[in-house]
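Trainee: I have the model open and would like to go through it piece by piece. Can we begin with the sheet and its surroundings?

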Amino acid sequence: MRYSVRHVTELVYAAPVQQAHFNVRLLPWEWDGHRLLETRLGVLPSPDDRADYLGPYCVRTTQLAFAEPLERLKIVSEFAVEVEASQPSSLGPALDKVRAESLAQRDLSEFSPAPYLFPSRLADDDPAIATWAQPFLLDQADIVTAAQALTSAIHSEFSYTPGATTSTTPPAQAFVLRAGVCQDFAHVMIIALRSQEIPAAYVSGYLRTEPPPGKSRLVGADAMHAWVNVWCGQELGWVGFDPTNNCRVEDDHIFIGMGRDYADVAPIDGTFIGSAPQTMTTSVDVLPQTDRARIST
């Protein structure tokens with residue numbers, strides 16, 4: 001599938017803010033099975049300084065700096081991408097073997113499982129989540145089946161309820177509520193897997209806006225989406241699972257970035273001097289293309 005994606009973010013401050021600096025993570029990392037055709041990141045007003053860099057995880061970051069007072073900011077990310085559906089070639093090894101393989105890895109590249117074994121800022125240890133998850137993650141179960149069972153459990157036991165949580169709600173609170181959105185479900189699943197020493201990563205991306213004929217519309221298609229990559233052993237590597245929609249990741253999921261949790265891949269964050277209230281609006285369009293998509297200039 002080929003897609004044209006347009007994501008518009010507008011920030012408006014009640015009064016000008018000073019020395020604003022932003023990190024923008026809206027251009028996609030070229031993940032396995034994804035081929036970038038074109039990309040463009042437009043910023044109004046133009047920043048005084050702009051720098052692009054990769055890492056430290058599978059993330060592309062654009063840093064923006066404004067020397068003059070800033071009252072309004074518009075960021076338009078546009079890209080065209082070709083996504084090839086892929087499924088694991090097997091159900092993978094048993095969980096106890098995945099644990100042993102992950103600990104034996106000496107790879108420290110961005111694809112290494114090592115950073116995704118341990119608690120992170122937004123995906124900290126939680127004994128209640130660990131206890132709940134243990135029956136789904138038995139030692140002799142194969143990794144793909146076990147990860148899918150956990151995915152299905154979150155989907156069936158948790159209610160997708162926009163407004164029940166915010167971007168700062170701790171996963172432990174969402175777990176108690178058994179409600180939230182894709183970010184919450186991804187964090188709960190990550191904590192559950194790491195509690196059993198299985199590497200798990202947070203993925204930020206998009207879903208196709210319009211489903212294929214005869215298929216139901218996926219939850220979260222009008223905004224950025226989140227799912228979980230599970231390291232399924234050295235042979236299979238990273239496999240994506242979407243607990244919000246109870247499915248494995250295929251060609252209707254468009255990869256943007258992967259990190260330890262939401263903080264590593266947040267679409268935009270930053271700092272400024274000032275205390276003015278901020279309003280942020282976003283709009284997302286993900287359109288399948290029959291021919292090569294062209295990015296507007």
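Mentor: Buried means under 20% relative accessible area, exposed means over 50%, and partly exposed is in between, with a 1.4 Å probe and protein chains only. Helices (H or I, at least four residues) and strands (E, at least two) are DSSP runs, numbered from the N terminus. This is a predicted model, in which local features need pLDDT of at least 70 and side-chain atom pairs count only at pLDDT 80 or more, while totals for chains, interfaces and linings use all residues. Residues are numbered from 1 along each chain as its sequence is written, and side-chain values use heavy atoms, with hydrogens and water left out.

Trainee: How many residues of β10 are buried?

Mentor: Five of the five, so β10 is largely enclosed by the rest of the structure.

Trainee: What is the strand order in that sheet?

Mentor: The order is β11-β10-β9-β8-β12, an open sheet of five strands with antiparallel pairing. Strands β11 (247-248) and β12 (253-259) are at the edges with a single partner strand each, so one side of each has no neighbour in the sheet. Two strands pair if DSSP finds at least two bridges between them.

Trainee: And how many bridges does β10 have to β9, and to β11?

Mentor: Four bridges join β10 to β9, and two join β10 (residues 238-242) to β11.

Trainee: Which residues take a positive phi in the hairpins?

Mentor: Gly-233 does, near 100°, in the hairpin of β9 and β10, which has six residues between the strands. In the hairpin of β10 and β11, with four residues between the strands, Asn-246 has a positive phi near 55°.

Trainee: Which helices lie across the sheet strands?

Mentor: Helix α3 (residues 143-157) lies across β9 (225-231), β10 and β11, at about 20° to β10. Helix α5 (residues 182-195) lies across β8 (200-207), β9 and β10, at about 15° to β9. Axes are lines fitted to C-alpha atoms, for helices over the stretch in contact, and angles run from 0 to 180 degrees between N-to-C directions. Contact means heavy atoms within 4.5 Å.

Trainee: What about α1, which of its residues are buried?

Mentor: In helix α1 (residues 95-104) they are Leu-95, Val-98, Arg-99, Glu-101 and Ser-102. Their cover includes α3 and β9.

Trainee: Changing topic, how many salt bridges are there?

Mentor: The count comes to eight, where a salt bridge is a side-chain nitrogen of Lys or Arg within 4 Å of a carboxyl oxygen of Asp or Glu. One of them joins Arg-40 and Glu-78, with the closest N and O atoms 2.9 Å apart. Arg-40 lies in strand β2 (residues 34-44) and Glu-78 in strand β5 (residues 70-83), so the pair ties together parts that are 38 residues apart in sequence.

Trainee: Are those two buried or exposed?

Mentor: Glu-78 is buried at 5% relative accessible area, whereas Arg-40 is partly exposed at 31%.

Trainee: Which other salt bridges can you list?

Mentor: Glu-157 pairs with Arg-178, with the closest N and O atoms 3.9 Å apart. Arg-260 and Asp-264 meet at 2.9 Å, N to O; Asp-264 is buried at 12% and Arg-260 partly exposed at 28%. Arg-2, Arg-35 and Glu-82 are linked in a network of salt bridges.

Trainee: How are pocket and cavity defined?

Mentor: On a 1 Å grid over the protein atoms alone, a cavity is a set of points where a 1.4 Å probe fits but cannot get out; a pocket is an open set with protein on both sides within 12 Å along at least five of seven lines, and lining residues have an atom within 4 Å of a point.

Trainee: How many cavities of 30 Å³ or more are there?

Mentor: One. The largest cavity holds about 40 Å³, and Pro-119 and Arg-194 are among its lining residues.

How values were computed: Points joined across faces, edges and corners; volume = space filled by probe spheres on them.
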